[in-house]
Amino acid sequence: MAYLSLTRLLAKLIRLVTILLVLTACVSAPVQEMSDARQAIYSAEVAGAAQYSPDTLLAAQRLLQEAQTRLETGAYDDARHHALDARDEAIKARERATTIHSPPP
């Protein structure tokens, strides 16, 4: 009887730990997304976006700054969304700069 009780307790403990791990994964800091946004902005800058697509590059930089602010306050979900938006804007800026800067073949 004690063995059955211990087994049930262990099963409940395993379920609880699993649930906690899943919840923790959902609210973790968006480290990868922030890094991706920074890299995309750097790539856009190297491609000449400051000259050829300044508004879009500035939007990406502002979104990244907002993501950083949200990250510092613990609003990880908002930070993640802003970082993803910053990455997307930076990619647009790089593509525009590359299109304008590179003459057609």
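Q: In this predicted model, which residues touch the most other members of the largest nonpolar core?
A: The largest nonpolar core holds 16 residues. Helices α2 (31–46), α4 and α5 each supply at least two residues of this core. Of the 16 residues, those that touch the most other members are Ile 41, Ala 49, Leu 57 and Leu 64.

Q: Which residues does Ala 49 touch, not counting residues up to four places away in sequence?
A: Ala 49 is one of the core residues that touch the most other members. With residues up to four places away in sequence left out, the residues it touches are Ala 44, Pro 54, Leu 57, Ala 93 and Ala 97.

Q: What pattern does the chain follow along the sequence?
A: The chain has five helices and zero strands. Read along the sequence, the pattern is α-α-α-α-α.

Q: Are α4 and α5 roughly parallel or roughly antiparallel to each other?
A: Helix α4 covers residues 54–72 and helix α5 covers residues 76–101. Their axes lie 8 Å apart, and the packing angle is about 165 degrees. Angles over 145 degrees count as roughly antiparallel. Therefore α4 and α5 are, relative to each other, roughly antiparallel.

Q: How many nonpolar, polar and charged residues does the contact of α4 with α5 have?
A: α4 passes α5 in a left-handed crossing. On the α4 side the contact includes Leu 57, Leu 63, Leu 64 and Arg 70, and on the α5 side it includes Tyr 76, His 82, Ala 86 and Lys 92. By class, the residues of this contact are 13 nonpolar, two polar and seven charged.

Q: Are α2 and α5 roughly parallel or roughly antiparallel to each other?
A: The axes of α2 and α5 come within 8 Å and cross at roughly 20 degrees. Angles under 35 degrees count as roughly parallel. Therefore the two helices α2 and α5 are roughly parallel.

Q: How do the residues of the contact of α2 with α5 divide into nonpolar, polar and charged?
A: The crossing of α2 and α5 is left-handed. Residues of α2 including Met 34, Ala 40 and Ile 41 take part, and those of α5 include Leu 84, Arg 87 and Ile 91. The division is eleven nonpolar, one polar and five charged.

Q: Are α2 and α4 roughly parallel or roughly antiparallel to each other?
A: The axes of α2 and α4 come within 10 Å, and they cross at roughly 155 degrees. Angles over 145 degrees count as roughly antiparallel. Therefore α2 and α4 are roughly antiparallel.

Q: How many nonpolar, polar and charged residues does the contact of α2 with α4 have?
A: α2 passes α4 in a left-handed crossing. Among the residues that meet are Met 34, Arg 38 and Ile 41 in α2, and Leu 57, Gln 61 and Leu 71 in α4. The contact has, by class, nine nonpolar, two polar and two charged residues.

Q: Is Tyr 42 buried or exposed?
A: Tyr 42 sits in helix α2. Residues over 50% relative accessible area count as exposed. Because Tyr 42 has 55% relative accessibility, it counts as exposed.

Q: How many Å apart in space are Tyr 42 and Ala 90, C-alpha to C-alpha?
A: Tyr 42 belongs to α2, and Ala 90 is one of the α5 residues in the contact with α2. In sequence, Tyr 42 and Ala 90 are 48 residues apart. In space, C-alpha to C-alpha, the distance is 8.4 Å.

Methods. Residues are numbered from 1 along each chain as its sequence is written. This is a predicted model: local features need pLDDT of at least 70, side-chain atom pairs count only at pLDDT 80 or more; totals for chains, interfaces and linings use all residues. Side-chain values use heavy atoms; hydrogens and water are left out. Axes are lines fitted to C-alpha atoms, for helices over the stretch in contact, and angles run from 0 to 180 degrees between N-to-C directions. Helices (H or I, at least four residues) and strands (E, at least two) are DSSP runs, numbered from the N terminus. Angles under 35 degrees count as roughly parallel, over 145 as roughly antiparallel, 65 to 115 as roughly perpendicular and the rest as oblique. A crossing is left-handed if the near helix is turned anticlockwise from the far one by less than a right angle, and right-handed if clockwise. Contact means heavy atoms within 4.5 Å. Ala, Val, Leu, Ile, Met, Phe, Trp, Tyr, Cys and Pro count as nonpolar, Asp, Glu, Lys and Arg as charged, and the others, Gly among them, as polar. A nonpolar core is a set of buried Ala, Val, Leu, Ile, Met, Phe, Trp, Tyr and Cys residues joined through side-chain atoms within 4.5 Å. Buried means under 20% relative accessible area, exposed over 50%, partly exposed in between (1.4 Å probe, protein chains only).
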